[in-house]
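I shall go through several local features in turn, from helix packing to contacts between parts of the assembly.

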Amino acid sequence: MVATSHDVMPDIELYQPTDEANALALAATLGADGWLLGGGQDTYGWLKDRNKTPAAMIELTQIDAWKGIKETADGIEIGAVTTLTEIANNPLVQSRFGLLATAAGRVASPQIRNVGTLGGNLAQDARCWYYRRGLDCYRAGGNICYADSPEGLNREHALFGASRCVAVSPSDTAPALVALDATMVVRSSGGQRLIPAQDFFVGPSRDIVNMTVLNDGEILTAVRIPNTWANAEFYFEKVADRNVWDFALVSIAAAIKVSGGVIQDARLACGAVECVPRRLEAVENALRGKQRSDQLADQVAVIATQGARPLNYNHFKVPLMQNLVKRAVRG
Amino acid sequence: MAYMHIGKDFVPPDVAGKVTGRIKYAEDYSREGMVYARLLTSPIPHARVVSIDASAALAMDGVFGILTADDVYPDGEPGGTGLKILTNEPTLVGEPILALAAVDEKTAESAIAAISVTFERLPFVLDPLDSLAEGGPDAYTGGNTFVFREGFASEKWSRDQVASFRAGAEPTAEPQQQFAYGDLEAAFAQSAFVYEGSFTTAGYPHMSMEPRSAMAYWENGKLYLHGTSQSLTGLAVDMAGIVGVPQEDFVFINEATGGGFGQRARAGSIPSMAIPAKLSQKINRPVMMRISREEEFTIGGARQGFQGWLKCGFKADGTMAALDIYIISDNGGKGGGGDAFAAADCISILYQTEAMRFRGTAIGSNTGHRGAQRGPGQNQIAPIIAPILDKAAAELGIDRLAIRLLNTPQNGDVGGPQRQPLTSAYMPEALQQGAALFNYQERITRSRQRNGSKVTGIGVGQGYHNAGRSGMDGIVRLMPDGRLAVHNGVGNLGTYSYASTSRAAAEVLQMPWERVDVITGRTDRNLPVTSPQDGSNSIFTNTRTNWGAAQDLLAKMKEIAAMDLGGAPADYTVGGERIYKISDSSTGMTFAQIAQRGLQLGGKFTGEAEVPEDLNDFTKLSVSRLAGSALMGIFHDSRHNNNPPGFTVTFTEIELDTETGKYDIVDMVTIGECGTVMHPQGLKNQLVGGAVWGIGLSGYERHLYDPQNGLPASTGYWQSKVPTILDTPAKIRTGWVDLPDPENPVGARGIGEPAMGAVSAALTAAISDALDGHLFNASPITADMILNHLAGVTSEAVPLAQNNFRG
């Protein structure tokens, strides 16, 4: 039977490690029972609704090593528990990787950005309302998708990559980091993995339960952004029903290098059209070496949505995605 | 007329408490020994409770007891539709089945999880048209509609009739309700332009900031209930009946309310407050029941959604000659309201339609319960009609403002099925004032101008709601220290009308505001019966009662003065907190002196004799408790004539981005036409607040239920898409006509509901304008609809629907 409103936090063990070693040890020991807690904006709804019932939480926000933004030899490194507000307002991010600053500044609302972390925004779970409601869908371990059905309420769902589940990536910063060719720093008691942003997110065909490649015991500790795309021409736009406190209907993040009106290189990614940030490699290929123009924008926009499979209520995402690609290319 | 208080800004007494957070809402109270209740609500849209096994829960430490429908209705649940306190036959997901009290909420939740309820699933339906179709499920046991004094009935159309209506054709089935006036056929024959089409409007929840939490305890046989409401006495009288306690033993406490828009005005729309009262009685402890956001969604009420068809004819000069309208309204899971009738009535008044026929049928669905929500009916139809009016104007070559000026009501006009006269109407003045402030003549030239992907849309909207009642009471007292106490039963839901209407009494006595005490907040402060604070009536209704009570007090003061100082009562007047002879101001008494003299005299002067017999019962109780305490003014307001309207006009300019389906509201001007202005700041707040609601209605808010399982999908602020501060204009310019209405002693009428309708109408008109006059015939109009239209995308979604993305 589907749960009705609880709205009360259950009893739960809370661990508050203050150093990396302790956090990693706790994550290793607790495994799937250890819920990683950042700003709590993805967590508390799950727990108060009692649709997720972990035994313990490991709060990560007291580990100073995982906070802040620093310059590295090849770019910048952002600690995973750095707040979205800090990222949006950071001069280094703004001056060199304005794409991320803009994206971080468009997450949810000021209140949520003040406590929400970069790691939490990237690793947050699907926002499909059926799944969040606690229904026994594929993503929740069941054998049905309520959204991908003739009557399903699927206006906000995927155009691409459906594989039993049609939930989309809800993150605003994820497409920006894919466009910036960022690297995720993932640590565990067993060591460290460096994962390209594009490969950090997984779709349902590969893993229908998880949105990222993080294994039990692993923690996203930092994001590294190389200087490769520093000071490129950036374009970020998020179209949502509401201009604050909402998830994207479609978002786009683009980094484009232009010289003499000719596009030298480009990386584009869309949010909220697939379970992962959708890298638009065909568009990038079509842009490279071309004179930037409205005509070019129109041409590549069509390429962007090739293969889209609209559901009953999300046809509008096709023209919206095309239009955002046009705007990104036009600059 | 020069007033001392009327039309002047002031600081209502509760403002400091609200700004500092010190004022208490129901959830802020506590009581020694208080325990906490949580609800077990139905997870199924339509079911029957077969059995409840709470033995494991009741055996848990910290659990004090449960309350079920069998406890509150030992003789069986009330028949008919309507919210119940608890039920064994839920007709919507989230309807309360039982409550459990425990030492804290966490324990209560854990205990509720240990309760086993066996449900028998019953057929459910989410779209009234699915229920209307032959063989379709009914929302209630016994039918899909409830006929007053007749009981449940099952209303069915043939499947072809439903399919034809869904496809946009005129419904052919007999309606439940209808009215008509004028020669419709002849009026259409005279029409130079006729528009015909179907439309949908979404029902959506109230989403008041404060959920309907309540705390109750019993002491010396009296029930003390801390709750939330739009009305004090207007709600408390019936609430006593719901709980089953005599009025004299019931104390309702409600100092402040965090928003009320129709579903907190009357006890019948908020019977859940009886749960802690009944549970407290059962377990003999104070009980706090906090209501969650989702619970507020499910039992907090929703607007009725419409699926309709209309045919509208205009003469060559632009006169709206004929309207034929048929509305299927969604009655939800617990019965609904009269929105469809009100919508048709609104068109008749607002556009002075020469001939008209309304047909309406209300059908249940297993979704949130329906009832009055800010402009119920009037505000759903306003955004549908406005773009059609613009289409007619375009077809007939008439300016959009001109066609409104031609059809708008003015003094001497009548409206509605009874052709009832309006008490006054200054809509031409409102339209002209708004046009001047908006600079309409220049602005209209920007209509449909393109700037890259953006295109400008101009919209004009009008709103209406009846705005005044009578039959209520007033009590004022002149205290021995010379202060004036105004007993006011109006609720404090944020409009401050409890205070602004009290100023009518201060005006009569020319009393400085700082010498006035507004007595309110709890019913044991001996309040008069006032109208439930709904229907935009408070200003009109309660200025009449407070003015009348103060006039009674003044008459008594003059009688005493004449008695003691000589001359006739008519020889005296008041000013400077004195009553004195008009011909010799040195002959007089201070207010304190005359109050003390009144106390000496007693009898009719102090409410101990000659109390008006026609007072409402609760007022009589209050007067009897106050008798002998001060010099009193007591008044029963018997009746008023005709229909006092509240009107609004809105002009807006939007910039619609054809690539995103989004738009910015570049400018908005909204004008109130509500008689004499009582409280400019309060009026401005109403106009701006109503504008935000109108923006939500026309652009954002939705009411989603999953057709597969009947679960609500828009229970919170995010999913229901209540507009945010960044979706509304940075500045909404306001104004008002400020001409007096003859049926109110200070000339005032209400404004709360129309403040929303005009904005919702202006917005859909502007969207339509930006899209070359395309008619969506829907509210809300969301970005996906605009994008689909522009891209020529034909969605597979059904054209008419309810509790879904379209409608």
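Two residues are said to be in contact if their C-beta atoms, placed from the backbone, lie within 7 Å. Please keep in mind throughout that this is a predicted model.

Next, a pair of helices. In chain A, helix α12 (residues 294-304) packs with helix α13 (residues 317-330) at an angle of about 145°, and their axes are 8 Å apart. The crossing of α12(A) past α13(A) is right-handed. From α12(A), the contact draws on Asp294(A), Leu296(A), Ala297(A), Asp298(A), Val300(A), Ala301(A), Val302(A) and Ala304(A). From α13(A), it draws on Met321(A), Gln322(A), Val325(A), Lys326(A), Val329(A) and Arg330(A). By class, the residues of this contact are nine nonpolar, one polar and four charged.

Now the contact between the chains. Chain A contributes 31 residues to it, and chain B contributes 38 residues. On the side of chain A that touches chain B, α13(A) provides the largest share, namely four residues. That side of chain A comprises 14 nonpolar, eight polar and nine charged residues.

I turn to chain B itself. Its domain assignment gives domain 1 (31-122), domain 2 (306-468 + 642-791) and domain 3 (469-636). Taken over C-alpha atoms, the centres of domain 2 and domain 3 of chain B are separated by 39 Å. Between these two domains, 21 residues of domain 2 are in contact with 19 residues of domain 3. On the domain 2 side, β20 (454-466) and α21 (680-699) of chain B each supply at least two residues.

Is Arg374(B) buried or exposed? It is buried, because 26 other C-beta atoms lie within 10 Å, and the threshold for that class is 20 or more. Arg374(B) sits in the loop between β16 (355-364) and α12 (378-396) of chain B. Its C-alpha atom is separated by 6.1 Å from that of Gly262(B), 112 residues apart along the chain. Neighbours within four places in sequence aside, Arg374(B) is in contact with Phe261(B), Gly262(B), Asn379(B), Trp693(B), Gly752(B), Glu753(B) and Met756(B).

Asn451(B), by contrast, counts as exposed, because it has 9 C-beta neighbours inside 10 Å. Asn451(B) belongs to strand β19 (residues 450-451) of chain B. From C-alpha to C-alpha, Asn451(B) and Glu655(B) are 9.2 Å apart in space, although 204 residues apart in sequence.

Conventions. Residues are numbered from 1 along each chain as its sequence is written. Chains are lettered from A and ligands numbered from 1 in the order in which they are written. This is a predicted model: local features need pLDDT of at least 70, side-chain atom pairs count only at pLDDT 80 or more; totals for chains, interfaces and linings use all residues. Axes are lines fitted to C-alpha atoms, for helices over the stretch in contact, and angles run from 0 to 180 degrees between N-to-C directions. A crossing is left-handed if the near helix is turned anticlockwise from the far one by less than a right angle, and right-handed if clockwise. Ala, Val, Leu, Ile, Met, Phe, Trp, Tyr, Cys and Pro count as nonpolar, Asp, Glu, Lys and Arg as charged, and the others, Gly among them, as polar. Domain bounds come from an automatic or database domain assignment. A residue is buried if 20 or more other C-beta atoms lie within 10 Å of its own, exposed if 12 or fewer, and partly exposed in between; C-beta atoms are placed from the backbone.
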